[in-house]
Amino acid sequence: MKNLLLILITITPLFLSAQGSKAVRPLFDKKSIGEIRLTLPAKNWVDALDSMRIYGMGLMDGSVTIDGVRYDGVGVRFRGDKSYQLGLKRNPFTIKLNHTNSEQNHQGHAALKLSSALRDPSLVREVLFYEIAGKYMPASQACYTKLYVNDEYVGVFINIEGIDKPFLQSHFGSSSNPFFKAGVDYKQEVESTCKQNIYGSLEYEDNIECYKGNFEMNSASGWAELQELTRILNNEPIKIERVLDVDHALWMLALNNVMVNLSSYSGNHSVNYFLYRDNNGRFQPLHWDLNLAFGSYKNTGNGSDLDLKGLQTLDPLLHSENPYKPLISQLLKEPLYKKMYLSHIRQIVDDNFTHGEYEKRAQELQGMIVVPFNDDRNKLYSLDDFQRSLRETIGRKSKIPGIAELMSKRARFLKDHPELTVKAPAISEVLVQGRGKFENQKLTDFRITAKADYFPRRMLIYYRFNDTDPFSMMQMNEDAVSNLSSGSKAFVVTIDGKTEDAVLTYYLVAENAGAVAFAPQNYYSKPNVVKLSDLNK
């Protein structure tokens, strides 16, 4: 009994303390729905925000409570280009927490970006795309939140992590370098000598002023760097890796193609992506505005809008011969890049669409938000449309395809496409040589061996010693190994360890006549890592 009393006396203060403190919800928690409450001074706040957006009058002062935490002195405006509609309460919002107090933020985030999910009756397109994209390249987080304005429930919105300083700092270790958004919210006149209506296509212009009508600069400087990117891309593509993270660009293009995201670089207007120049002088491409993914926007720039079959059978090499889309056509002229791009398409399909994982996740997301969706008096689609939107086309005029209706046949089309059925090498027996049991001499380098089958021509190693550095590439040597099966080869490479505490991060690429393979396949999130000190144990 005494022991029991002692235990109760000990835990009671802890219990009371836990009861008295409420855990703060992570801003981008995907397992719960957030709550954002805006207080604005204007009774007719829709008219006021419309006017401010039309006439470019800045932001409306107000306050906001995010998951129970209040902030005053915030700035609010409607955002978006095609997603903005005059007179609607359910418009996309930007909420700047640091509007009057430069230090004010919520969990490190100084601004909120709320998407209304226009032309997405399912309300899952953005969340699903960002989740899939984040497996392969830097991508925003996205989740759901209920929005109230002046205590009126406006609806369930998608809360998207902004491509801003916290994002850039987290992914690239800096946030003040040249930084651009492709496409402009407010149309600007450009000189008659500039190329007209090219948007963010990355065509080269002699006059640097021409870029200002097609890109928004979100940094203190950088127009010259953007111009240099386009010059090299169009005129000296052999040097492109100096100024562009080519692999991330290939991933961006592959993701757009597989998930039919045509309101992007890959569609009619080359918009809705960001470019950030990292500390290594390379521009990093980043997705943005994904509510029209999965075929909600249907124009590739070649003719009229695609019908459902056209979307399902969209060419994986769309624009590969188009000189007005140099990010695609110039990169895919290089045989290795083309094989990498096609490998990325295969992996996206295999990881997410072949076995229906995307549909299960879409159903989970819809199940989480069905009640707040139904309670939304401002919703643009009925509950019946919402529930049918995964498997059926919604709208007689807009004809927004059901996500599973689109992707089930698209996945089969891509799996059977001649460009994607080429047998890729299979990499096996990746080994790093350690110090022998009775050897006194410490290793000073990394000796890596691997095998590949299906007639590999070569094997490449991409490696770095610092996570902030770009990967360097080296071709491995063929290794004289006996008893290899027909069509197989062994490879070896030695990389100087530089210091006794060196940590090598690497992945391998094997190439044959028609395809490439990566090892590990998920090298973006889990590359191989080996410590020289461990090899010397």
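The model is predicted, so local features need pLDDT of at least 70 and side-chain atom pairs pLDDT 80 or more, while totals for chains, interfaces and linings use all residues. Residues are numbered from 1 along each chain as its sequence is written, and side-chain values use heavy atoms, without hydrogens and water.

Asp-376 lies in the loop between helix H10 (357-374) and helix H11 (383-388); helices are DSSP runs of H or I with at least four residues, numbered from the N terminus. Leaving aside residues up to four places away in sequence, Asp-376 touches Arg-90, Tyr-153, Val-154, Gly-155 and Val-156, a contact being heavy atoms within 4.5 Å.

Five cavities of 30 Å³ or more are present. A cavity is a set of points on a 1 Å grid over the protein atoms alone where a 1.4 Å probe fits but cannot get out, and its lining residues have an atom within 4 Å of a point. The largest cavity has a volume of about 70 Å³, the volume being the space filled by probe spheres set on the points. Its lining includes Asp-376, Arg-90, Asp-120 and Lys-379.

In helix H6 (residues 246-258), the 13 residues should span 18 Å at 1.5 Å a residue, and the end C-alpha atoms are 18 Å apart, which agrees; the expected span is 1.5 Å times one less than the number of residues. In H6, 13 of 13 residues are buried.

Key. Helix = DSSP H or I, 4+ residues; strand = E, 2+ residues; numbered from the N terminus. Buried < 20%, exposed > 50% of the residue type's maximum accessible area, 1.4 Å probe, protein only. 1 Å grid on protein atoms, 1.4 Å probe; cavity = no way out; pocket = protein on both sides within 12 Å on 5 of 7 lines; lining within 4 Å.
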